[in-house]
Amino acid sequence: MRDIVTSAINFPAPIVMLNEHIASLELWHGPSLAFKDFGARFMASLMSYFIKDENKTITILVATSGDTGVAVAAGFYKTPGVEVIILYPSGKVSELQEKQLTTLGENIKAFEVVGTFDDCQALVKQAFLDKELNSKYRLSSANSINIARLIPQSFYFFEGYKQVMKHDKDVVFSVPSGNFGNLTAGLLAKKMGLPVKHFIASTNINKIVPHYLKTGIFDPKPSISTISNAMDVGNPSNFTRILNLYDDNLQLIRHDVSGFYLNDEDTKKSMIEAYQKYDYVCDPHGAIAYQSLENLKSNELGIFLETAHPAKFIDVVEQTLKIKIEVPAALSSLADKEKIAHKLSADFEDFRDFLMEA
Ligand SMILES: *Cc1c(COP(=O)(O)O)cnc(C)c1O
């Protein structure tokens, strides 16, 4: 296990202090430049370990609103015995993300679904229940419904906490949230004993969980597109896990978790504020979490998770801040590579037929 962890998590997660009360925990120092590398790389190493003596290929099905697919693809790229099928919503991931998803080739196959992220997620869920598909393929999931992705995500809450202990303050984590895997991992860390004072579930106008925390009503809706597109999730799949961790007790959940959300315009204002006040460039997801830390008490230290490198959202970031940002080599080299994706409707029959004939 130690070997798996050391080889999977071979990049840092540094704390950057903006002032004495607000810190960024940068989770984008891995190969796909987003926090999902932690979960995806750990899961890939773990699976390779367990399948190394088997002969039937594992097919990993993953629905993505962007970064999950990229991290999973990068994590499993060229792994023997593993094939990855990625479903992403057509026109709803950034150009760069699409390049990251569709240019790897080898054991990574991309499907462009004419529909929303929720449609992609529904296709994956149906595939797992389909008898025929399951007799032909050995299917496995890599979405944050897979516990092997959540467990390693709890590591960096410890890592972030460790780096701020010297300040001797109560620690509040603000977590940019879409499917709520990241937040669930934080709650697991707390259950394991990490003395976090409070969590903030930060999101965009797909505010299903903030709404639940306020009213007690969980009301999933079709997702709405925003500039923080990795959080455009209308029916967060880890929500039941959170309920379960707290025995369905809303009061207990509220004790540990508050909701926060911003629309696109306020997200941009927040990016500008962080840049002007602290010379810090946030990506749109981190910018929402940053803004949620406005009203901390004097003995509190708020850590917002920077879930992606700002260059992954270069258009929004450059237009909003009116600056040029440096693009890491991992991204700039993608420009000339060719996109290879199979276009599909959101209809399950289409997807199944394609896989049965392949
Ligand atoms: C996936 C993602 C999120 C949301 O994480 P969940 O675990 O789905 O809540 C937030 N920000 C970025 C950049 C992401 O890629």
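Me: How many residues of domain 1 are in contact with how many residues of domain 2?
Reply: This is a predicted model, in which local features need pLDDT of at least 70 and side-chain atom pairs count only at pLDDT 80 or more, while totals for chains, interfaces and linings use all residues. Residues are numbered from 1 along each chain as its sequence is written, and side-chain values use heavy atoms, with hydrogens and water left out. The domain assignment, automatic or from a database, gives domain 1 as 2-31 + 149-329 and domain 2 as 37-146 + 331-357. With contact meaning heavy atoms within 4.5 Å, 39 residues of domain 1 touch 32 residues of domain 2.

Me: At what angle do helix α3 and helix α4 pack?
Reply: Helices are DSSP runs of H or I with at least four residues, numbered from the N terminus, and angles run from 0 to 180 degrees between the N-to-C directions of axes fitted to C-alpha atoms over the stretch in contact. Helix α3 (residues 67-76) and helix α4 (residues 95-102) have axes 9 Å apart, and their packing angle is about 30°.

Me: Why is α3 described as roughly parallel to α4?
Reply: Angles under 35 degrees count as roughly parallel. The two helices pack at about 30°, which therefore makes α3, relative to α4, roughly parallel.

Methods
Parallel < 35°, antiparallel > 145°, perpendicular 65-115°, else oblique.
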